[in-house]
Amino acid sequence: MSSHPVHHGQSVHHRTTTVGGHLIAYREAGPADAPVLLLLHGFPTSSHMFRDLLPLLADRYHLIAPDHLGFGRSDAPAAGDFPYTFDRLAEITGEFTEQLGLKEYALYIQDYGAPIGLRLALAHPERVTAIITQNGNAYEEGLGADAWAPVLALIAERTPETEAPVRAISGPDGIRWQYLTGVPDPTLVSPDAYEHDTALMARAGQPEIQLDLISDYGSNFALYPAFQEYFRTSRVPLLAVWGGNDEIFVPEGALAFRRDLPDAKIHLLPTGHFALETHATQIAVLIGDFLDRNPTADGREGDHPHD
């Protein structure tokens with residue numbers, strides 16, 4: 001691996017825009033004329049999860065990290081007023097990219113960001129230059145059995161009985177579990193991270209929003225074959241930087257990418273679901289090296305690495 005330099009001290013801007021009548025908050029860093037990296041966060045967090053990574057890459061990439069509707073500082077209309085589905089979140093994200101004039105971009109996808117970002121790739125494969133997946137799943141074998149059992153029960157039948165254990169996932173203990181499980185030294189994870197998410201998830205209306213989204217997760221399983229066909233036909237350059245101790249999206253999900261993308265670069269890191277909490281610098285180096293080795297993904301002229 002080449003030693004791509006990591007730079008500190010780059011400014012990150014915190015902006016907002018309006019998409020479809022909804023305020024969308026986003027973080028932006030890096031030169032406006034640099035290759036774009038669109039970073040899509042997972043549950044239960046926001047663009048806050050990229051706070052350590054953005055300054056490390058902002059010297060050479062144009063970084064855009066939105067908060068999904070219902071998360072972070074973006075609007076969170078009541079569940080009764082907005083259909084919280086992954087299709088709708090992807091549509092809003094697509095409109096967001098068009099509003100910002102993003103003609104092409106590499107994707108960084110994590111957790112919920114994966115089915116949202118991969119829907120963008122299905123809709124406009126010509127816009128996606130590369131994919132970086134950090135515990136962003138697209139294969140059934142990536143689902144940790146114990147972690148997914150209550151969610152699968154909810155998807156099968158939404159009742160007060162199946163909702164109860166899923167509600168707990170959005171509570172303080174459930175959020176803390178997601179951050180600390182699989183991390184060899186939990187003292188390396190700042191409590192600011194999970195306490196930040198816990199506070200936002202405690203806002204009025206959030207339980208209903210999150211239950212609607214989790215209930216819709218079966219729509220993502222239904223798209224797994226289409227995602228995998230996209231990988232095979234596009235041969236999109238892909239880097240997996242995966243918390244290898246994750247019990248939600250287990251490492252088999254990272255290794256499965258090689259089935260459809262034999263040249264995928266896969267790194268299993270000794271940490272959990274939120275790998276950036278402990279390995280942001282290492283991930284930044286891996287991203288820089290990956291994009292250097294895939295010049296079309298870096299926005300420069302050059303042959304496709306698989307041609």
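**Close-up 1. Residue classes in the lining of the second largest pocket of this predicted model.** The lining of the second largest pocket divides into five charged, four nonpolar and three polar residues. Among the residues that line the second largest pocket are Asp-87, Glu-91, Glu-98, Arg-119 and Arg-127, together with Ala-90, Tyr-105, Leu-120 and Ala-123, and the lining also includes Gly-94, Thr-97 and His-124. The volume of this second largest pocket is about 160 Å³.

**Close-up 2. Helices α2 and α3 at the second largest pocket.** The elements that contribute two or more residues to the lining of the second largest pocket are α2, spanning 86–99, and α3, spanning 113–123. The largest share of that lining, six residues, is supplied by α2.

**Close-up 3. The largest pocket and the residues closest to its centre.** The largest pocket in the predicted model has a volume of about 310 Å³. It is lined by 16 residues, of which Ala-147, Val-151, Ile-169, Gln-178 and Ile-248 are the closest to the centre of the pocket. By residue class, the lining of the largest pocket divides into 13 nonpolar residues, two polar residues and one charged residue.

**Close-up 4. Elements that line the largest pocket.** Two or more residues of the lining of the largest pocket come from each of α4 (145–156), α5 (160–169) and α6 (172–180). The largest share of this lining, which amounts to four residues, comes from α4.

Methods: Residues numbered from 1 in each chain as written. Predicted model: local features only at pLDDT ≥ 70, side-chain atom pairs only at ≥ 80, totals over all residues. Heavy atoms only, no water. 1 Å grid on protein atoms, 1.4 Å probe; cavity = no way out; pocket = protein on both sides within 12 Å on 5 of 7 lines; lining within 4 Å. Points joined across faces, edges and corners; volume = space filled by probe spheres on them. Nonpolar A, V, L, I, M, F, W, Y, C, P; charged D, E, K, R; others polar.
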